[in-house]
Amino acid sequence: MIANNYSVTSAQSQSVTRSLDPLALSNGERVTSKSVWLSKRRPELLNLFRTHLYGRMPTQPGAAVTFEVREVTPGVMGGAATRKHVRIHYAGLRGKGRIDLLLFVPTHAKKPAPVFLLACHRSRRNIDPSRAVKSSFWPAERIVERGYTAAVFMITQVAPDRNDGFKSGIYKIDGTQRGPDAWGAIAAWAWGCSRVMDYLQTDPDLDRHRVALVGHSRGGKVALWCGAEDQRFAMIVSNESGLAGAAVTRGKQGEQIPHIIEHFSYWFCDNYKQYADKPDALPVDQHELIALIAPRLVYVASASDDTWSDPHAEFLACVQASPVYELFQLRGLASDTFPAINAPILDGRIGYHVRSGNHELTKYDWDQFMTYADIHMK
Ligand code: GTR
């Protein structure tokens, strides 16, 4: 329920009025138990998101997944970590592909160690294995220091971040015919995160039950969708993912569907295009995406100057996803009041903060994700 003290802009109060009820089944019945949520409503919503936004992955896009451990170097980061490079191979009807996974496993943490996996969409400089270049986008030393394995891969190894008519990457390897609900890049990249998870399940140094997936911006959209599709992830972190990510579409400020379709149509299935001029006709909204991750952990982060993503719309989605957690006798977001800047809400199964500053993934953000994980995942 939205409390009266929630400070809404007029656009957001519109969104509250227009918002979709995650607990209303399409036949009009209400979901009042977690068993009905899990057996009926959750599959219904997943199907709607697949059909209208992210697209459906083919049945066997890249089967035959194998792992090649190419490097294990103890004593890096001044002795704090062991560096591993694992190559994940997969093959489809029309070829094969690979993902290079880089891991820094903390030397001094109790094994198996929990993991923070970043789905990286920015340049490789941000994830330098030699650590000659250090970036706040992936502060591996800090992650290790806090007792987590720092893991990362480049999502563009799975599918390109450009519109090439789905001719390369996993689309080519898969080779099946594309329909209006065929997957776009967000779903393909999420599929890549799942292949990394396949590996994480097998490494005895790592705790497969405590893996957090982090993504920034488009990567945040990927993390959320992956968390909906793949229930092996214990925690999903969306940093400033905005439209088609953590922000509710109805009443959202900043980026709108026509923009994202014009520039990034290949992130989505073709069906999404029809909502460019009628967002209210979308049969789902993004609080329902967050709800698909329940009862697992979700952390949504915004930045105060990132009006393109719209912090209020991201916060509102967390509030509106919370009733689904209540079906599990759990608290979703612990407050209905938009928080002060740099004052994270950490108590419930959904965490949230709005950092001061602009659209970026910073050390501050990472520290809040890990503090939240220390409380709920460790
Ligand atoms: C923007 C896009 C956003 C966001 C961002 C990013 O241009 O419109 O939805 O995903 O890119 O990924 O950096």
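## Cis prolines in the loops

Proline 112 lies in the loop between β3 (95-106) and β4, and in this predicted model the peptide bond that joins it to lysine 111 is cis, with omega at about -5°. Most residues other than glycine have a negative phi, and most peptide bonds are trans.

## Residues with positive phi

Arginine 131, although not a glycine, has a positive phi of about 65°, and its position is in the loop between β4 and α3 (140-145). Because its relative accessibility is 7%, arginine 131 counts as buried. Asparagine 342, in the loop between α9 and β9, likewise has a positive phi, near 60°, but this residue counts as partly exposed because its relative accessibility is 35%.

## Strand pairing

Strand β4 (residues 113-120) is mostly covered, with eight of its eight residues buried. This strand is joined to β6 (residues 206-216) by five bridges in a parallel arrangement, in which leucine 117 has leucine 213 of β6 as its bridge partner. β4 also pairs with β5 (residues 149-154), again in the parallel sense and over six bridges, and here cysteine 120 stands opposite methionine 154 of β5. In a regular strand the side chains alternate between the two faces of the sheet.

## The ligand site

Which residues surround the ligand? Its shell consists of Ser217, Arg218, Lys221, Glu255, His259, Ile260, Phe264, Trp267, Trp308 and His359, and by class these are four nonpolar, three polar and three charged residues. Helices α6 (218-229) and α7 (257-264) each supply at least two residues of the shell, and α7 gives the most, with three residues.

An oxygen atom of the ligand is 2.4 Å from an N or O atom in the side chain of glutamate 255, while for the side chain of lysine 221 the corresponding distance from a ligand oxygen is 2.8 Å, and for that of tryptophan 308 the distance is 3.2 Å. Taken alone the ligand exposes 320 Å², of which the protein buries 83%.

## Buried polar side chains

Glutamate 240 has its place in the loop between β7 (235-239) and α7, and it counts as buried because its relative accessibility is 0%. The side chain of glutamate 240 is joined to that of asparagine 239 by a polar contact of 3.3 Å, and a polar atom of the glutamate 240 side chain also lies 2.8 Å from the backbone nitrogen of glutamate 360.

The side chain of histidine 353 makes a polar contact of 2.7 Å with the side chain of tyrosine 299 and another, of 2.8 Å, with the side chain of aspartate 365.

Valine 298, a residue of strand β8 (residues 297-303), is buried as well, with a relative accessible area of 0%. Valine 298 and proline 180 are separated by 118 residues in sequence and by 30 Å in space, C-alpha to C-alpha.

## Helix α9

Helix α9 (residues 311-327) has a kink of about 30° at alanine 321, shortly before proline 323. The helix is mostly covered, since 14 of its 17 residues are buried. At the start of α9, a side-chain oxygen of aspartate 310 reaches to within 3.1 Å of the backbone nitrogen of histidine 312, and just after the helix glutamine 329 takes a positive phi of about 60°.

Methods: Residues numbered from 1 in each chain as written. Predicted model: local features only at pLDDT ≥ 70, side-chain atom pairs only at ≥ 80, totals over all residues. Heavy atoms only, no water. Near = heavy atom within 4 Å. Polar contact = N/O pair within 3.5 Å; in protein donor to acceptor, adjacent residues only side chain to side chain. Areas by Shrake-Rupley, 256 points an atom, 1.4 Å probe, with all protein chains shown as cover. Helix = DSSP H or I, 4+ residues; strand = E, 2+ residues; numbered from the N terminus. Nonpolar A, V, L, I, M, F, W, Y, C, P; charged D, E, K, R; others polar. Buried < 20%, exposed > 50% of the residue type's maximum accessible area, 1.4 Å probe, protein only. Bend = angle between axes of the 7 residues up to and from the residue. Pairing = 2+ DSSP bridges.
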